[in-house]
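Colleague: I would like to learn how to read a structure of this kind step by step. Could we begin with what a word such as "buried" stands for, and then go through some features in turn?

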Amino acid sequence: MAEGQIPIEEYETGNTRHKWDIKKLKSAHKIIAEYNYKKGEVQRGYANRTLYVNLSTGKIKEKPVTKDMKKKFTGGRGFGLKLLWDSIKPTTGWDSEENEIIITTGPLCGTTQYPGSGKSICLTISPSTDIICDSNVGGFFGPYLKFSGFDALEIQGKANEDVVVVIDGEKGKVTVETAPLEEPNSHLLNEQLTITYSSEDTDRSRQKVSVVSTGSGAEHGYWGCLNFSFYDIRRKVPRVKQAGRGGLGSVFRNKKIKAIIVKVEKFDGVSNHPTDPATLAKVGTKLHREIRDLDRYQCNMRAVGTGHLVEIMDAYDLLPTENYRFGSFPKASRIYSPEFYKLFTKIIPDGCWHGCTLACSKTVDGFVVKTGPYKGQKVTVDGPEYETIACGANMSLWDPLWILEFNFYCDTYGLDTISTGTAIAFYMEMYEYGILNKKRCDGLELCFGNAEAVLEFMHRIANGERGEFINIASKGVRRVKDWLIKKGWGNKQLIEDTGMESKGLEYSEYVTKESLAMQGGYGLTLKGPQHDEAWLIFMDMVNNAIPRFEDKAEALHYFPMWRTWFGLNGLCKLPWNDIEPANNAETEEPAKIPEHVQNYVECQNAVTGWNVDKKELILQSERCYNWQRAMNVWMGRGRRKDDWIPYRSMGPVTEMEYLSRKERYDKQLIEKLGLNEKEVEKMELKEKIKVLYEYRQDQYQKLIDSVYYRRGWTPNGVPTPQKMKQLGIDDLKMLKMLQQNIDQDEKAGLNVWGGKYSKGEKPPSTDHKYWKKLD
Amino acid sequence: MEKPKTVKVLKFYTDKCDGCFECEKACSMIHFKTKNGGEQSAIRIFKKGNNYQMHVCDQRGLCQDMCPVGALIRKKNGIVWLDKDICIGCQACVGFCPIGAMRKSDKRIEPFKCISCGACVRSCPEDALELVEKNIDDIKQVVYHKQGV
C-alpha cells in the first residue's frame, strides 16, 4: 500500500507516457468562427447569460438569463428544457440540424464547500428514444463554464469537418476550430487537448482546463457517451466522468464535434459570489465530518465508490445476472467490492469536483490493457462504478480485470457502459436460445461469459465495421428487437419480454421483478429507464414501507421530484442519501433524509439569497418535470403506451426463471392471487407463468393509474393545462398544445384507467376528468 | 528535495497558564492582522475545571492527502502549510482534521492553521508555551480509504 503524504509532484501512476508534437497538432487547427465576449462575474450562483453556437452557420451569440427564467426553471436541466423548447420542433430528429447539445450548470454548481456540487447536466434529442434525454455528469466542465461566463452552452447545427469548440475564459473568447490531427479516442484526445489549451506547461495550469469529448465508438451506433475531464494534479492525467445515457456522444459526433474545451481564468471558493459563504462553509463542514465519521460504517464510498452495492444487490436478489434473468449468482463474490478495492489506488482525494469528500471516483492506475489498439499500454481506468460492474454480471463476466477492460474501452471509445452492457446481455440471451448465432452475429460468439467476444464487438464498432449485425446491434436493444422480429427469428413475445429497454433506452442495472414501485420507477421516467429518478426497491420490497398503490404513487411523486432538483442546481445526488446522519433512522421520514434536505435548503438560500423552504424545492422540480413530460407529449410521446416496460422487469419470462425462484412465485399465487395450495400444485408450469404474467401486468397498470392521478395528469399520462397553471407555467403555446392532445385522446377514448378493477377495488377516481377540478 | 525529519510543535504548560489569551491575540495578528483572537486564532485556550487547555495543530499532516488542489504541503522546516492562493476553500481539511485543529473564520473562505511561528510563545507572559522539536515519523498520520473499519 502506498504511503500517504506524498508531495504531488512526486506521485507516480506507472502509466505509459506519451509524447506528442503539440505544436503540430495546434498549427493544423483553422479557426472557422470566433466571438469575443465581455468577461463578467458570477452573481449569487448565476452568470446570467447562456452561450449559443451554431456549427452550420458559424453564428455565436449570448442569450440573457432573465429573472422569469430563473423563477420558472431554476437552472441546470430546467434551463436546458427552456432552451430546447425555444429552438427545436416537435419533429426534430436526433440527427437533424435543429437538434442541440446543451450543457448546463445550475446556481449551486461550482460550490466547493458542499460535497457533490460540480455537476453538469446535458440534454439532447436522443437517437435511442427520439425524445429529450438528460444526463448528469461530474468533472470540471460545468463549474468552469459558469466561471468563464455562461450558465449553459447550447450547440446547434452541424460542422462540415471535425471541430473543437473552445471557450477561453481567460481571454473572453469563443472559437470554433478544425481539429484534424488529434487522437480519436477520449483518454488520449483529452490529454492532448488539455496540454494544447493550458496557458502554461504546469499541472496547476492544466487543472484549469476541462475537455468534453467522446471516442470513435460514438460515431457508430446509438450508445455514444460524453467524457467530461477533470485534471488530476497527482496522477497527471485528465480523468473522466461520463454523461452516459441516451446517446449524447452519438449526437456530438453527428455534429462533427470532436471536443469542447473550457479554460477558466481563475477561481476560488467563492467564485459563485454566494450571498452567505459562511453558512455554506458551516453546512459543508458538517457534512464533511459526517462522511469522515460514518462513511466507513455506511456505504464505504471513500474506499470503493458505488461498487459497494454489488454485494448488497447480490444478497437481495437484485444484481442483474445473465440479462436480468436472476438477481444473484454463485460466482458473484468474485466481483464484490473487496476485489476491486485491491486494485484501486488509495489515499488520493477522489472527488470529481473539488471538495467532494464522498470521493466515489475510484481509479485503477497502471492497468495493463489486454486487447485492441492499446494492448500492452498502462492506463488509468476511471471506475468501475456499480453499474459497470453489474454490467459484468449481466454479461456473466466474473473477472474484475475483464470488467476493467470493458470499462476502459467503453470510456475511451465513448460508449455508455450501461447501454452497451445491457444490450450485449440481451444479445447473449438470444444467442443462448439460438435466435442469434455465430453467423447471424457477423462471426462473433456472443455467448454469456465470453469476454473476448464482448471486447471484439466493441473494437469492431469503434473501427466502423458495417456488418449487418454490428450495424444494428450498435443501435441497441429496441432496434435489434425490431430486426429479429422482421427477420422472423425467434418468438416475438419472448423477444419483446426479454430485451431490457423502455422508450428505446436500455435499462440500468437493477432487477425490479419483486418491487412494483421500482417497476414504476423505471417505466415512468421521462427519458427512459434510468434509476436517477427513483430508487424505491428497499422502501418497497425490503422494508414494505409503501404497501398501497397510493403510497407507491406518493413515493413516485416525491422522489422523482426531489431527485430532479439536483439536476436543476448542478448537484450530485449521492451526498444526499449515500451518507446519512447518525440519527437519521429516528426521524419521521428516514427515506427522505430530512437533515440533508434542510442542508440543501440552506445551501440554495446561501448561494442565491432567496428565502425558500423544502416545499419550494419540490415546486421548482415539479415545474421542470411537468415541462419535460409536456415536451414528450409535444413530440408525440408521453402517453401510457410510452410508459410500457418489458415483462422481464416485472416477473419471470421463462420456465427456468420461474423454477429458479419457484417457492417465491408459488407462494405469491396463493397469497396474492388467492389460489389455494392444491390448485397451485396441480397447475402446469406454463399456466402458472401465464397467471402471474397477467396479474403483474395488471398491477403495473394500476400503479400507473395511481401515479398519473397523483401527478395531476390525465389517465393517459398527459400533464393537464390546469396542473401547469397551478405550477405557475403560463406559456400559451404549451397550454394550448396540451389541451389539443387531451382532446384528441378524449376522442380516441384513451382517457380511461388502465387497470382492471374488480369488485372491492377502486380506481384512483371515478371521475375521469378529475383534473378539471384543479382549475 | 530532501524531506524534513523534524518539526516544531507547540507544548503547553497548563499549570503556568492564567487564561489571559495573549497567545490567541498574537495568533490572530499573524493570520488576520487583528487582536480579536477567538475564531481568528489558530491556537485556542479553553477553560476546563480550574485549569486551561490548549487546542492546536500537532502537524501530523493528514490534511495534505485531503486537499484536491495540493494547497497543503509540508514545508522544509517540517510544518504543514496551507497556501491560501492555491486553496479553493472546500473545507475538506477542516472537516476531516481528526482533532479539529484546521481553523475556519467567517472572515474568509480559506481555512488557516498553526504554522509554529512562535508568536504565541513570545506573547505569553507566563512562559506557558514552548515550541519543541519532534520526529515527523513519530507524529505523521495518513488517511487510508479503508475497506471496512
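Modeller: A residue is called buried if 20 or more other C-beta atoms lie within 10 Å of its own, exposed if 12 or fewer do, and partly exposed in between, with the C-beta atoms placed from the backbone. Helices (H or I, at least four residues) and strands (E, at least two) are DSSP runs, numbered from the N terminus. In H15(A), the buried residues are A:Ala451, A:Ala453, A:Val454, A:Phe457, A:Met458, A:Arg460, A:Ile461 and A:Ala462.
This is a predicted model, in which local features need pLDDT of at least 70 and side-chain atom pairs count only at pLDDT 80 or more, while totals for chains, interfaces and linings use all residues. Residues are numbered from 1 along each chain as its sequence is written, and chains are lettered from A and ligands numbered from 1 in the order in which they are written.

Colleague: What covers the buried residues of H15(A), and what span is expected for this helix?

Modeller: Two residues are in contact if their C-beta atoms, placed from the backbone, lie within 7 Å. The cover over the buried residues of H15(A) includes helix H13 (400-413), helix H14 (417-432) and helix H16 (468-473) of chain A. The expected span of a helix is 1.5 Å times one less than its number of residues; H15 (residues 451-462) has 12 residues and reaches 17 Å from its first C-alpha to its last, close to the 16 Å expected. Just after H15(A), A:Gly464 takes a positive phi of about 80 degrees.

Colleague: How should I read a strand, and why is S11(A) described as largely enclosed?

Modeller: S11(A) is largely enclosed by the rest of the structure because 7 of its 7 residues are buried. A:Leu226, A:Phe228, A:Phe230 and A:Asp232 point one way from the strand, whereas A:Asn227, A:Ser229 and A:Tyr231 point the other way.
Two strands pair if DSSP finds at least two bridges between them. S11(A) and S12(A) pair in the antiparallel sense over 7 bridges, and A:Phe230 has A:Arg239 in S12(A) as its bridge partner. The hairpin of S11(A) and S12(A) has 4 residues between the strands, and in this hairpin A:Lys236 takes a positive phi near 60 degrees. Strand S10 (residues 209-213) of chain A is joined to S11(A) by 2 bridges, also in the antiparallel sense, with A:Ser213 standing opposite A:Asn227.

Colleague: Which strands of chain B form a hairpin with 2 residues between them?

Modeller: They are S2(B) and S3(B), and in their hairpin B:Gly49 takes a positive phi near 65 degrees. Strand S2 (residues 44-48) and strand S3 (residues 51-55) of chain B run antiparallel and are joined by 5 bridges; B:Lys47 has B:Tyr52 as its bridge partner.

Colleague: How many residues does each chain bring to the contact between them?

Modeller: Chain B brings 31 residues and chain A brings 34 residues. On the side of chain B that touches chain A, the largest share, 4 residues, comes from H2(B). Counting Ala, Val, Leu, Ile, Met, Phe, Trp, Tyr, Cys and Pro as nonpolar, Asp, Glu, Lys and Arg as charged, and the others, Gly among them, as polar, the residues on this side divide into 15 nonpolar, 9 polar and 7 charged.
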